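Have a look at the sequence and the 3D structure below. Then read on for a short tour.

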Amino acid sequence: MNGLATSLNEFSWLFLGFLATGIAVRLWLAQRHIDHIGRYRGEVPHAFRTKISLADHQKAADYTVDKTRLGRWELLTEAIVLLLWTLGGGLDLLDGAWRILGLPELATGIGVILSLAVVGALLDLPFGAYRTFVIEERFGFNRTAPGLFLLDHVKQLLLLLILGGILAAGVLWTLMHAGDLWWLYAWVLWLVFSLVMVWAFPVLIAPLFNRFTALKDEEVRRRVEDLLTRNGLSSRGIFVMDGSRRSGHGNAYFTGLGAQKRIVFFDTLIDQLATDEVEAVLAHEIGHFKHHHIGKRILLTSALSLAGLALVGWLVQQDWFYQGLGVTHPSGYMALVLFVLALPVFTFFMQPLLAALSRRHEFQADDFAARQADARTLIRALVKLYAENASTLTPDPIYSAFHDSHPPAPVRVAHLSSQAP
Ligand SMILES: [Zn+2]
């Protein structure tokens with residue numbers, strides 16, 4: 001312990017301070033959330049009294065509390081693993097093990113990065129299993145067989161190794177060979193990679209996990225096509241996904257860019273909603289298109305990643321950065337690894353800003369849907385989905401402001417009600 005204490009520098013203490021603050025804030029938020037939900041568990045909120053039963057309301061409360069409790073354990077485990085990798089000397093050990101092999105620097109770097117990714121994925125596995133086979137199972141949502149669960153994780157790991165390997169190789173190569181402005185070239189590379197992923201996700205990656213078929217129901221199909229044509233969109237991009245293979249939760253999302261964009265309905269959602277309600281949900285998704293939300297998100301992440309890479313470009317040359325995070329053998333790939341591991345510790349306060357931006361987009365899409373379809377139909381669809389998915393109607397407001405990408409149920413329904421004629 002003496003050796004560790006003497007090797008800590010000011011940056012180590014800054015890192016520890018931010019880490020402790022981040023954990024304390026999130027544990028405090030989780031406790032508030034659990035308490036708040038418990039306080040309102042006895043009664044359905046007034047606005048939902050005629051629409052949601054007390055039994056459904058209490059199921060949502062218990063389900064949310066279970067998930068939040070698991071989240072606390074995950075948070076603490078991640079923090080311990082991060083400390084073991086950095087100040088605990090884990091990265092030094094891993095780096096040493098790869099260096100013994102005497103491979104070229106580029107291969108050593110890729111080896112270190114991929115080993116970290118594999119260990120991270122393995123550590124996530126017990127949490128994923130607990131979530132699926134204990135929590136989801138307890139509330140009747142789980143439909144994933146153990147074999148499918150394992151197969152999913154093997155596929156994810158292979159994808160991580162292949163895609164992560166390609167990206168790591170490209171970025172490390174620029175770092176070693178492209179001179180002082182390597183971070184700018186690495187950024188261009190990252191941008192190209194992200195755009196290829198936006199293209200590849202719906203056509204190559206998502207089909208590895210699910211089957212996508214054309215929407216069959218004639219009546220739904222006609223309504224949906226009408227709505228799309230009215231908005232100048234092609235109807236070839238509507239798919240139904242067999243989400244019921246894994247879970248009873250219903251959902252819809254939009255993905256892709258340009259002519260290749262598509263809207264995906266989970267089969268569970270189609271089963272849960274009436275025709276006009278599916279139409280209202282689609283109108284909401286079209287709202288995301290019309291407001292260019294995917295493009296805006298890509299612009300924002302591009303700007304943030306440029307700033308991040310410029311920062312790494314500077315950190316690579318700072319001895320205190322490596323030393324402060326427990327690494328004794330500085331190298332380009334180690335700077336990247338440390339940056340990726342330590343960054344979330346310093347940027348956790350940005351989470352409420354990004355969540356607020358996302359909620360703003362949801363309001364815009366809801367407003368669009370209210371103009372296209374009927375706000376009351378969308379409310380009916382949302383209330384059904386809240387009940388079916390056991391989403392809590394009474395989140396803690398501060399917890400929700402920090403974490404939620406979608407406005408909480410009461411706020412969203414009140415906002416839509418104000419738009420109803
Ligand atoms: Zn949305």
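## The model

This is a predicted model, in which local features need pLDDT of at least 70 and side-chain atom pairs count only at pLDDT 80 or more, while totals for chains, interfaces and linings use all residues. Residues are numbered from 1 along each chain as its sequence is written, and side-chain values use heavy atoms, with hydrogens and water left out.

Helices and strands are DSSP runs, numbered from the N terminus (helices: H or I, at least four residues; strands: E, at least two).

## The zinc site

Start with the metal. H284 (NE2), H288 (NE2) and E362 (OE) coordinate the zinc ion at 2.0 to 2.1 Å. Donors are N, O and S atoms within 2.8 Å of the metal (3.2 Å for Na, K and Ca); sites may look incomplete because water is not among the atoms. Along the sequence, the spacing of the donor residues is H-x3-H-x73-E.

Helix α10 (residues 275–290) holds both H284 and H288. The two are four residues apart, about one turn of the helix. Both H284 and H288 are buried. Buried means under 20% relative accessible area, exposed means over 50%, and partly exposed lies in between (1.4 Å probe, protein chains only).

## Two nonpolar cores

A nonpolar core is a set of buried Ala, Val, Leu, Ile, Met, Phe, Trp, Tyr and Cys residues joined through side-chain atoms within 4.5 Å. The largest one has 47 residues. F48, L228, I263, F265, L282 and I286 touch the most other members. Helix α15 (residues 375–389) gives the most to this core: eight residues.

There is also a second, separate core of 40 residues. Its members include L82, L87, L91 and L338.

Strand β4 (residues 262–266) is mostly covered, with five of its five residues buried. R262, V264 and F266 point one way from β4. I263 and F265 point the other way.

Two strands pair if DSSP finds at least two bridges between them. Strand β2 (residues 238–241) runs parallel to β4, and four bridges join them. Here I238 stands opposite I263. Strand β3 (residues 252–255) runs antiparallel to β4, again with four bridges. A252 has F265 as its bridge partner in β4. β3 and β4 form a hairpin with six residues between them. In the turn, G256 has a positive phi of about 85°.

## Salt bridges

A salt bridge is a side-chain nitrogen of Lys or Arg within 4 Å of a carboxyl oxygen of Asp or Glu. The whole structure has 19 of them. One joins D66 and R138 (2.4 Å, N to O). This pair links distant parts of the chain: D66 sits in helix α3 (residues 54–85) and R138 in helix α5 (residues 105–138), 72 residues apart. D66 is buried, at 17% relative accessible area.

Other bridges sit within one helix. R99 pairs with D95, the closest N and O atoms being 3.3 Å apart. Why are R99 and D95 separated by about one helical turn? Because they are four residues apart in helix α4 (residues 90–100). R99 is partly exposed at 28% relative accessibility, whereas D95 is buried at 1%.

E219 and R223 form another salt bridge, with the closest N and O atoms 3.7 Å apart. They are four residues apart in helix α8 (residues 218–230), so about one helical turn separates them. E219 is partly exposed, with a relative accessible area of 34%. R223 is also partly exposed, at 23%. A network of salt bridges links E219, R222, R223, D226, R230 and E279.

H292 is not a glycine, yet has a positive phi of about 55°. H292 lies in the loop between α10 and α11 (293–315). Is H292 buried or exposed? H292 counts as exposed, because its relative accessibility is 56%. A390 also has a positive phi of about 55° without being a glycine. A390 lies in the loop between α15 and α16 (397–403). A390 is buried, with a relative accessible area of 3%.

G164 is partly exposed at 24% relative accessible area. Leaving aside neighbours within four places in sequence, G164 is in contact (heavy atoms within 4.5 Å) with L114 and L159.
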